[in-house]
Amino acid sequence: MDFPERFSNLPEYAFPRLRALLDSHEPGGDVLAMSIGEPRHPMPEFVGDVIAQSLGEFGKYPANDGTPELLDAISGWLKRRYSVEIGPERIMALNGTREGLYNAAMALSPETKRGKTPVIAIPNPFYQVYAVAAAAVGAEPIFVPAGADTGFLPNYSALAPEVLDRITVAYLCSPSNPQGAVASRDYLADLLHLAEKHDFIVFADECYSEIWREAPPPGAAQVAAEEGIDPERVVIFHSLSKRSNLPGLRSGFLAAGPQSIKHIRRLRAYAGAPLPQPLQRVAERAWADEAHVTENRRLYAEKYEIAGQIFDGVDGFQLPQGGFFLWLPVEDGEAAALKLWTETGIRVLPGAYLAREVNGENPGQKYIRVALVAPKAETQRGLMQLRDCLYG
């Protein structure tokens with residue numbers, strides 16, 4: 001039997017690779033998982049009540065693009081958060097934001113551009129679905145370094161003009177996973193003007209936008225509106241997983257220009273997996289409530305402070321501007337992860353598993369990603385052990 005070649009060069013996903021690295025070794029202490037970004041703060045208190053009240057709606061097919069009430073709630077949140085007017089007709093609910101980050105490329109990236117193979121630009125390191133989306137649409141992925149020298153954000157403007165002219169989609173994550181870097185308003189404006197000049201779309205992955213240390217990160221749609229950029233130049237993606245500690249709800253949304261959303265919704269009608277109606281009711285309530293988000297941010301702020309104290313003086317250490325990961329410099333990420341596991345029982349993710357090798361270099365090779373998702377006391381214990389083990 002023949003299988004398609006389009007995904008044949010994908011490396012093993014990060015967590016199977018981590019299991020292969022660690023699981024043949026005994027942990028050196030009480031196991032503490034700091035490898036996966038699964039929020040562990042309390043869910044909003046209203047979740048159970050809303051599901052109970054709408055239980056009967058499990059007996060109905062859900063609204064494919066989102067209930068009118070949910071889309072209205074999201075539109076209202078965008079207005080409050082970013083002072084931008086995006087009507088419900090330009091929004092689509094997602095069954096997990098990963099679905100949207102993948103399927104929007106399927107819907108919007110053309111088969112050719114200027115008679116040539118299209119390019120999808122991807123920051124390196126990156127959330128791995130970006131590369132799978134590029135492979136699925138037959139585009140050439142260009143992995144653009146996002147290291148300390150560029151503020152942990154990709155410098156797309158440094159690409160050759162002939163490459164920029166072939167780009168159909170450029171992914172951007174802000175705050176970035178794994179580094180926690182925030183794209184400034186000027187950065188976003190420059191990228192959006194670059195998109196206009198070279199005729200491509202910015203896919204702005206803003207799933208960590210509500211977890212920040214000093215100031216709310218600006219949004220791509222907000223900057224596009226302020227700069228007078230064509231709304232078709234940007235698609236934004238948001239999630240309740242991190243904002244509301246609801247990773248199991250599998251609820252997010254995307255918002256796009258009037259023509260882009262038509263193409264995305266058309267594909268979703270055939271190939272999507274809409275969110276069950278009671279879960280859409282939970283999402284509607286979550287987007288309308290900020291009290292639980294403020295409390296969530298306070299809990300992360302405590303852990304930012306702890307991390308800053310513990311790693312003070314470690315060469316190359318930077319507190320993230322947003323998100324809930326530390327991107328810690330080490331000599332070798334795999335060796336550091338294995339040492340931590342065998343000497344302390346702490347699981348972290350080698351940075352190389354989140355990046356691709358380009359020209360013989362992997363920009364994640366000398367980093368580990370550490371998730372600050374556990375309760376404060378557990379996080380503090382883990383970070384102190386980590387510091388003693390790797391930097392002591």
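1. Let me start with Glu89. Setting aside neighbours within four places in sequence, Glu89 touches Ile261 and Arg265, where contact means heavy atoms within 4.5 Å. Glu89 lies in the loop between helix H3 (68-82) and strand E2 (91-94). Helices here are DSSP runs of H or I with at least four residues, strands are runs of E with at least two, and both are numbered from the N terminus. Glu89 and Phe317 are separated by 228 residues in sequence and by 44 Å in space, C-alpha to C-alpha.

2. A word on the source, before you go further. This is a predicted model, in which local features need pLDDT of at least 70 and side-chain atom pairs count only at pLDDT 80 or more, while totals for chains, interfaces and linings use all residues. Residues are numbered from 1 along each chain as its sequence is written, and side-chain values use heavy atoms, with hydrogens and water left out.

3. Next, Arg347, which sits in strand E10 (residues 346-347). Is Arg347 buried or exposed? Arg347 is buried, with a relative accessible area of 13%; buried means under 20% relative accessible area, exposed over 50%, and partly exposed in between, with a 1.4 Å probe and protein chains only. Beyond its neighbours within four places in sequence, Arg347 has contacts that include Leu18, Arg19, Leu22 and Asp23. Leu32, Ala33, Met34, Ser35 and Trp341 are also among the contacts of Arg347.

4. Now the largest pocket, with a volume of about 600 Å³. It is lined by 26 residues, and the closest to its centre are Tyr13, Gly37, Arg98, Tyr127 and Lys242. Two or more lining residues come from each of helix H1 (14-22), helix H4 (97-108) and helix H9 (240-243). H4 gives the largest share, three residues. By type, the lining divides into 13 nonpolar, seven polar and six charged residues. Here Ala, Val, Leu, Ile, Met, Phe, Trp, Tyr, Cys and Pro count as nonpolar, Asp, Glu, Lys and Arg as charged, and the others, Gly among them, as polar.

5. A note on how that pocket is defined. On a 1 Å grid over the protein atoms alone, a pocket is an open set of points where a 1.4 Å probe fits, with protein on both sides within 12 Å along at least five of seven lines; lining residues have an atom within 4 Å of a point. Grid points are joined across faces, edges and corners, and the volume is the space filled by probe spheres set on the points.

6. The expected span is 1.5 Å times one less than the number of residues. Buried residues of H12 include His292, Asn296, Arg297, Tyr300 and Lys303. The buried residues of H12 pack against H9, helix H11 (277-288), strand E9 (325-329) and helix H14 (376-391).

7. Helix H7 (185-198) passes the length check too: 14 residues should span 20 Å, and the end C-alpha atoms are 20 Å apart. Among its buried residues are Tyr187, Leu188, Leu191 and His198. These buried residues pack against H6, E5, strand E6 (201-205), helix H8 (220-227) and strand E7 (234-239).

8. Most residues other than glycine have a negative phi, and most peptide bonds are trans. A cis peptide bond joins Ser174 and Pro175, with omega about -10 degrees, and another cis bond joins Asn177 and Pro178, with omega about 25 degrees. Pro175 is in the loop between strand E5 (167-173) and helix H7, and Pro178 is in the loop between E5 and H7.

9. Arg114 is not a glycine, yet its phi is positive, about 55 degrees. Arg114 lies in the loop between H4 and strand E3 (119-124) and is exposed, at 52% relative accessibility. Phe152 also has a positive phi, near 60 degrees. Phe152 belongs to the loop between strand E4 (140-145) and helix H6 (161-164) and is buried, with a relative accessible area of 11%.

10. Finally, the cysteines. How many disulfides are there? The count is zero, a disulfide being a pair of cysteine sulfur atoms within 2.5 Å. The sulfur of Cys173 is 7.0 Å from the closest cysteine sulfur, in Cys207, so the two are too far apart for a bond. Cys173 is buried at 6% relative accessibility, and Cys389 is buried at 14%.
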